[in-house]
Amino acid sequence: IMKVLAACGSGMGSSQIIKMKITNVFKKLNIPLEIHHCAVSEAKTLAPNYDVVVCSNSLLDVFKNVDQSKTKIIGLKNLLSEKEIEEKVREIVLGE
């Protein structure tokens, strides 16, 4: 089971939406998933406990000190685009 964290600026609406979009993409790719969402301030501390962190491109700097050999960080231009999420998951997580 892949552990995924969806992070947004405040931990409210957008991370919940990203969480739903990620769930859809992982189901489509047949990847078992355990997913949580929170504010980026909390995600910074939690990131090492997850396989993947998904956030907006504007928040990527927050995770620059995270060991990316263990935790993959995915930045999105469009948080609502399942197409972009799928492309990034295929590239960064699956190495396709």
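**Notes on the predicted model**

1. Let's start with the cysteines. The sulfur of Cys 8 has its closest cysteine sulfur in Cys 38, 8.1 Å away, which is too far for a bond. A disulfide here means a pair of cysteine sulfur atoms within 2.5 Å, and the structure holds 0 of them. Cys 8 counts as buried at 3% relative accessibility, and Cys 38 is buried too, with a relative accessible area of 5%. The cut-offs are under 20% relative accessible area for buried, over 50% for exposed and in between for partly exposed, using a 1.4 Å probe and protein chains only.

2. A word on ground rules. This is a predicted model, where local features need pLDDT of at least 70 and side-chain atom pairs count only at pLDDT 80 or more, while totals for chains, interfaces and linings use all residues. Residues are numbered from 1 along each chain as its sequence is written, and side-chain values use heavy atoms, with hydrogens and water left out.

3. Next, Ser 15, which lies in helix 1. Helices (H or I, at least four residues) and strands (E, at least two) are DSSP runs, numbered from the N terminus. Is Ser 15 buried or exposed? Ser 15 is buried, with a relative accessible area of 0%. Leaving out residues up to four places away in sequence, Ser 15 touches Ala 6, Ala 7, Cys 8, His 37 and Cys 38; contact means heavy atoms within 4.5 Å. So both cysteines from point 1 turn up in the list for Ser 15.

4. Helix 1 itself is worth a look. At 1.5 Å a residue, its 16 residues (residues 13-28) should span 22 Å, and the end C-alpha atoms are 23 Å apart, which agrees. That expected span is 1.5 Å times one less than the number of residues. Just after helix 1, Asn 30 takes a positive phi of about 55°.

5. Which residues of helix 1 are buried? They are Ser 15, Ile 18, Ile 22, Val 25 and Phe 26. Seen down the axis of helix 1, these buried residues fall within an arc of 95°, so they line one face of the helix. The arc is that of the directions from the helix axis to the C-beta atoms. As background, an α-helix has 3.6 residues a turn, so residues three or four places apart point the same way. On the other side of helix 1, Lys 27 and Lys 28 are exposed.

6. What covers that buried face? The cover includes strand 1 (2-8), strand 2 (33-39), strand 3 (52-56) and helix 3 (82-93). Ile 85 is found in helix 3 and is buried, with a relative accessible area of 3%. Not counting residues up to four places away in sequence, Ile 85 touches Lys 21, Ile 22, Val 25, Leu 76 and Leu 79.

7. Leu 60 sits in the loop between strand 3 and strand 4 (72-76). At 29% relative accessibility, Leu 60 counts as partly exposed. Leu 60 and Gly 75 are 15 residues apart in sequence and 6.2 Å apart in space, C-alpha to C-alpha. Beyond residues up to four places away in sequence, Leu 60 touches Cys 55, Ile 73, Ile 74 and Gly 75.

8. One last detail concerns a ring. Lys 3 lies over the face of Tyr 50, at 5.0 Å from the ring centre. The rule asks for NZ of Lys or CZ of Arg within 6 Å of the ring centre and within 35 degrees of the ring normal.
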